[in-house]
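This report describes selected local features of one protein model. Please keep the sequence and the structure in view while reading.

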Amino acid sequence: MTVTVEEGTRAAGRSRPDGPRRPRPRESYALFLLPGVLAFLAVVIVPFLMNTGVSFTEWQGIGTPKWTGLANYCELLDDAEFWASFRHSLFMVVAMAAVPTAIGLVLAAALFDYVAKHLGTRVAAVLRACFYLPQVLPIAVAGIVWSWILAPDNGSLNALLKAVGLGSWQQDWLGDPDLALYSVMAVMVWVQIGFPLVVFMAGLQRVDPQLYEAAELDGAGWWRRFWHITLPQIRPETSVVLTWCTIAALKVFGAVYVLTKGGPGGATDVPSYFSFSTFFEKTQVGYGAAISTVLTVLILALSLVGLRLQTRAEDTAEGVRA
């Protein structure tokens with residue numbers, strides 16, 4: 001009799017419709033994601049769609065836009081300034097992605113595998129912070145400081161060259177069309193180098209130390225350990241750094257605006273600044289919107305490729321560790 005009552009009670013408890021129902025996991029996740037999705041729609045998707053719509057019009061920012069279809073995009077194909085700005089972006093990719101990644105990788109391996117062992121982890125951390133400092137500085141502040149350093153008359157660089165007897169090397173670093181782009185590239189290498197360094201040092205912490213110890217016992221020098229152990233083990237981090245820095249190079253604006261404003265004679269113009277000047281200086285809003293739309297689509301495509309390469313690198317790294 002007791003067993004029957006207990007079974008009836010459990011059955012009644014299972015069939016009670018008015019008890020509190022625990023939300024499903026997907027429903028609870030959706031509630032947390034909803035604010036971010038709404039903010040993404042309001043800040044990114046809606047402005048991008050509006051900008052894309054404006055790119056099919058001829059408009060000066062006031063009045064009624066005039067629908068022109070693909071006329072702005074057809075004009076871009078024959079615009080020499082537009083293609084020149086993209087060529088300058090390739091130089092920026094070298095300065096902000098390729099060179100900082102290579103230097104940051106070597107520096108990270110040296111700090112992690114040599115400095116930390118011989119001088120202590122505190123020294124390595126201080127040096128890492130020093131290299132990362134330009135990333136913390138606002139780009140406007142860094143640009144103003146470098147414009148003082150590279151000034152032709154009383155700049156620190158020309159004064160230093162004169163002081164050491166190399167006065168013939170003095171140049172108008174930001175005013176010479178043949179040197180301005182390379183000067184901006186050098187500044188961006190200095191700004192960007194800290195990001196790959198920090199990412200690579202974080203990646204090196206997950207590498208099994210026994211691999212380095214075994215290689216060192218076998219007589220492998222630092223360079224061989226770097227080439228055969230460090231590089232294969234941090235392929236995912238390398239993919240992330242290259243993708244992130246390439247996107248940053250394509251949309252670079254602040255440094256060009258502060259240092260050269262695209263000059264002299266368009267020698268340092270890049271798509272983002274070209275779009276800005278077309279918008280606000282030439283008041284060709286539709287044409288400027290077309291430039292920014294093309295740039296956005298290109299960045300999205302590179303992001304997808306970068307994510308694909310990152311996934312492949314992670315799968316390869318998992319296979320190596322297995």
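Lysine 261 has a relative accessibility of 47%, so this residue counts as partly exposed. The model is a predicted one. Lysine 261 sits in the loop between α13 and α14. Its phi is near 55 degrees, a positive value in a residue other than glycine.

The loop between α13 (254–259) and α14 (271–280) also holds proline 264. The peptide bond that leads from glycine 263 to proline 264 is cis, and its omega is near -5 degrees.

Threonine 283 is not a glycine either, yet its phi is positive, at about 50 degrees. This residue belongs to the loop between α14 and α15 (285–321). With a relative accessible area of 35%, threonine 283 is partly exposed.

**Salt bridges**

Side chains of opposite charge can pair when their charged atoms come close. How many salt bridges does the count come to? The count comes to two, and the table lists them.

| Pair | N to O distance |
|---|---|
| glutamate 81 and lysine 282 | 3.7 Å |
| arginine 206 and glutamate 237 | 2.8 Å |

In the salt bridge between glutamate 81 and lysine 282, the partners come from distant parts of the chain, 201 residues apart. Glutamate 81 is in helix α4 (residues 80–118), while lysine 282 is in the loop between α14 and α15. Glutamate 81 counts as partly exposed because its relative accessibility is 45%. Lysine 282 is also partly exposed, with a relative accessible area of 41%.

The side chains of arginine 206 and glutamate 237 meet in the other salt bridge. Is arginine 206 buried or partly exposed? Arginine 206 has a relative accessible area of 34% and is therefore partly exposed. Glutamate 237, at 14% relative accessibility, counts as buried, because buried means under 20%.

**Helices α5 and α9**

The axes of helix α5 (residues 121–136) and helix α9 (residues 194–204) come within 7 Å of each other and cross at roughly 135 degrees. The two helices are therefore oblique to each other.

Which residues meet where α5 and α9 are in contact? From α5 these are Arg128, Phe131, Tyr132 and Gln135, and from α9 they are Gly194, Phe195, Leu197, Val198 and Met201. Six of the residues in this contact are nonpolar, two are polar and one is charged.

Technical notes
Residues numbered from 1 in each chain as written. Predicted model: local features only at pLDDT ≥ 70, side-chain atom pairs only at ≥ 80, totals over all residues. Heavy atoms only, no water. Axes fitted to C-alpha atoms, helices over the stretch in contact; angles between N-to-C directions. Helix = DSSP H or I, 4+ residues; strand = E, 2+ residues; numbered from the N terminus. Parallel < 35°, antiparallel > 145°, perpendicular 65-115°, else oblique. Contact = heavy atoms within 4.5 Å. Nonpolar A, V, L, I, M, F, W, Y, C, P; charged D, E, K, R; others polar. Buried < 20%, exposed > 50% of the residue type's maximum accessible area, 1.4 Å probe, protein only. Salt bridge = Lys/Arg side-chain N within 4 Å of Asp/Glu carboxyl O.
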